Amino acid sequence: MFDGEHLKAATISEMVQRQAPMEDFRSWGTGFEVHYTEQDTIVAHGGHNAGFTSFVFYSVITQRGYVLLTNSERGLSLLGPLNELTAGLPLQTFFDQFYI
């Protein structure tokens, strides 16, 4: 989707602009949560409901990402390890809030 083939560069640029800043390194774009790090801009979306967890993370810079879908309330604990095994995105600050 962010490869320039499916969406125009101007559309991608607008999607990752800060529309509603949060108090930390994140902001809401148009439909996605956007994580800004020194190395990358990462779009994300997810949810954590009783019995179900889902997240998607995608790097605009490296064009890598991953999706996590679980039928477990403990799925959040898999975000960091799955990231390390797959895309290696610079999101440790985000993941730290979920570790018990």
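## Overall layout

Helices here are DSSP runs of H or I with at least four residues, and strands are runs of E with at least two, each numbered from the N terminus. By that definition, the protein chain has three helices and six strands. Reading from the N terminus, their order is α-β-β-β-β-β-β-α-α.

A quick word on the basis of all this: the model is predicted, so local features need pLDDT of at least 70 and side-chain atom pairs count only at pLDDT 80 or more, while totals for chains, interfaces and linings use all residues. Residues are numbered from 1 along each chain as its sequence is written, and side-chain values use heavy atoms, with hydrogens and water left out.

## Inside and outside

Buried means under 20% relative accessible area, exposed means over 50%, and partly exposed is in between (1.4 Å probe, protein chains only). Of the 100 residues in the protein chain, 36% are buried. The chain exposes about 6,200 Å², and 53% of that comes from carbon and sulfur atoms; the areas are from the Shrake-Rupley method with a 1.4 Å probe, and for residues only the protein chains shown count as cover.

Contact means heavy atoms within 4.5 Å. Among contacts between residues at least 6 apart in sequence, 23% join residues at least 24 apart.

## Two nonpolar cores

A nonpolar core is a set of buried Ala, Val, Leu, Ile, Met, Phe, Trp, Tyr and Cys residues joined through side-chain atoms within 4.5 Å. The largest core has 13 residues, and F57, L79, L89, L91, F94 and F95 touch the most other members. Strand 4 (41–49), strand 5, strand 6 and helix 3 (92–96) each supply at least two residues of this core. A second, separate core has seven residues, including F32, V34, Y36 and Y58. In soluble globular proteins, nonpolar side chains tend to be buried together.

Leaving aside residues up to four places away in sequence, N83 touches Y66, G88, L89 and F95.

F52, V56, V67 and L69 make a nonpolar surface patch of about 350 Å². Strand 5 (52–59) and strand 6 (65–70) are the elements that give two or more residues to this patch. Patch residues have over 30% relative accessible area and no salt bridge; like charges are joined within 9 Å, and nonpolar side chains (Val, Leu, Ile, Met, Phe, Trp, Tyr) within 5 Å. A salt bridge is a side-chain nitrogen of Lys or Arg within 4 Å of a carboxyl oxygen of Asp or Glu.

## Residues worth a look

T53 is in strand 5 and counts as buried because its relative accessibility is 0%. A polar atom of the T53 side chain lies 3.0 Å from the backbone oxygen of S72. Not counting residues up to four places away in sequence, T53 touches G47, H48, L68, L69, T70, S72, E73, G75 and L76.

S77 is in the loop between strand 6 and helix 2 (79–85) and is partly exposed, with a relative accessible area of 35%. A polar atom of the S77 side chain lies 2.7 Å from the backbone oxygen of R74. The C-alpha atoms of S77 and D96 are 9.7 Å apart, although these residues are 19 apart along the chain.

Q63 lies in the loop between strand 5 and strand 6. Phi of Q63 is near 55°, a positive value in a residue other than glycine. Most residues other than glycine have a negative phi.

Terms used
Polar contact = N/O pair within 3.5 Å; in protein donor to acceptor, adjacent residues only side chain to side chain.
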